[in-house]
Amino acid sequence: MKQGIFEIKSNIALTATVYKMVLTGDTSAITGPGQFVNILLDGLYLRRPISVNDCRGDSLTLIYKVVGKGTEQMAKMGAGQTLDVLTGLGNGYDMAKAGDRPLLIGGGVGVPPLYMLARLLREAGKDVTVILGFNTKDEVFGEEDFKALGCKTYVTTVDGSYGVKGFVTNAMEGLDYTYFYTCGPEPMLKAVYRATATSGQFSFEERMGCGFGACMGCSCKTVTGNKRICKEGPVLVKEDILWDK
């Protein structure tokens, strides 16, 4: 974990509620895809955890959804302003298990952390397939970014207004993959768990207090005991997960 001051280079809306922020600063503590940062915001006691969308050199990209006071404040910020950011938080995805044909499955704001993973897997010569799930066409983002990497990309919408009608599991039918990686809301993760034929890795979205393992506020049950989503997670392997009934 490392604390640093980052300068905002751009902050643009991708949809009515989703924004893409590019910052520059010391990213040396970010060691791989699937990690997150924790941002200090004026007037708010707890930092806001945001998944890393991409990291190259001193450039850090975050994609976030406006859901409360913290992200509302972020959406109003512009180029030249600065943020106090904790970087290098969480254990990310293990790419060593991907095999030749990994499948990446993201739902809503679970899509952003999959981009850096997809980029690195493509750079390693992997044949990557991506499924992006949303409720409606107006919420869709990221499709062209994944296609630009050379990923075979499917988009699903619950209402059928764009792409495959239904859920991410509808687009999974008949796909040939060696391993999977996923991030999204818990109902989607449960559905992916039941639908997948191979092992894989799940990144959990969880409310956090400290973000680095001190408060135990984001612990969850696994087959090997309680684990903290912010410290031992946010990525857990399929075989380690115990779902609440």
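Before going on, some ground rules. What we have here is a predicted model, where local features need pLDDT of at least 70 and side-chain atom pairs count only at pLDDT 80 or more, while totals for chains, interfaces and linings use all residues. Residues are numbered from 1 along each chain as its sequence is written, and side-chain values use heavy atoms, with hydrogens and water left out.

So, the overview. The protein chain has 5 helices and 15 strands; these are DSSP runs, helices being H or I with at least four residues and strands E with at least two, numbered from the N terminus. Out of 245 residues, 50% count as buried. Buried here means under 20% relative accessible area, exposed means over 50%, and partly exposed is in between, using a 1.4 Å probe and protein chains only. Then contacts, meaning heavy atoms within 4.5 Å: taking those with a separation of 6 or more, 60% come from residues 24 or more positions apart.

Now the sheets. Two strands pair if DSSP finds at least two bridges between them. There's an open sheet of 7 strands, in the order β10-β9-β8-β7-β11-β12-β15, and the pairing is mixed. Its edges are β10 (164-165) and β15 (235-237), each pairing on one side only. Inside that order, β8 (residues 129-134) runs parallel to β9, with 6 bridges joining them. If you want a place to look, V130 stands opposite T153 in β9.

Strand β6, residues 82-89, is mostly covered, with 7 of its 8 residues buried. What does β6 pair with? One partner is β1 (residues 2-13), antiparallel, through 6 bridges, and there E7 stands opposite T82. Another is β3 (residues 36-40), also antiparallel, over 4 bridges, with N38 opposite L86.

G99 is partly exposed, with a relative accessible area of 29%. Leaving aside neighbours within four places in sequence, G99 is in contact with K126 and T178. Also, the C-alpha atoms of G99 and F180 are separated by 9.4 Å, though the two residues are 81 apart along the chain.

F180 brings me to the aromatics. How many aromatic pairs does the structure hold? There are 7, where rings of Phe, Tyr and Trp (its six-membered ring) pair if their centres lie within 6.5 Å, with planes under 30 degrees apart called stacked, over 60 edge-to-face, and the rest tilted. F180 and F202 make an edge-to-face pair, 5.4 Å centre to centre with 90° between the planes. That pair links distant parts of the chain, since F180 is in β11 (residues 179-184) and F202 is in β12 (residues 200-204), 22 residues apart. Both of these phenylalanines are buried. F202 also pairs with Y193, this time tilted, at 6.0 Å centre to centre and 50° between the planes.

Elsewhere, Y93, Y179 and Y181 form one aromatic cluster.

T157 is at 0% relative accessibility, so it counts as buried. Which backbone atom does its side chain meet? A polar atom of the T157 side chain lies 2.6 Å from the backbone oxygen of Y162. Not counting residues up to four places away in sequence, T157 touches a whole list, including F134, V140, V164 and G166.

Last stop, cysteines. A disulfide is a pair of cysteine sulfur atoms within 2.5 Å, and a search of the whole structure finds 0 of them. Are C151 and C183 buried or exposed? C151 counts as buried because its relative accessibility is 5%, and C183 is buried at 2%.

Notes:
Polar contact = N/O pair within 3.5 Å; in protein donor to acceptor, adjacent residues only side chain to side chain.
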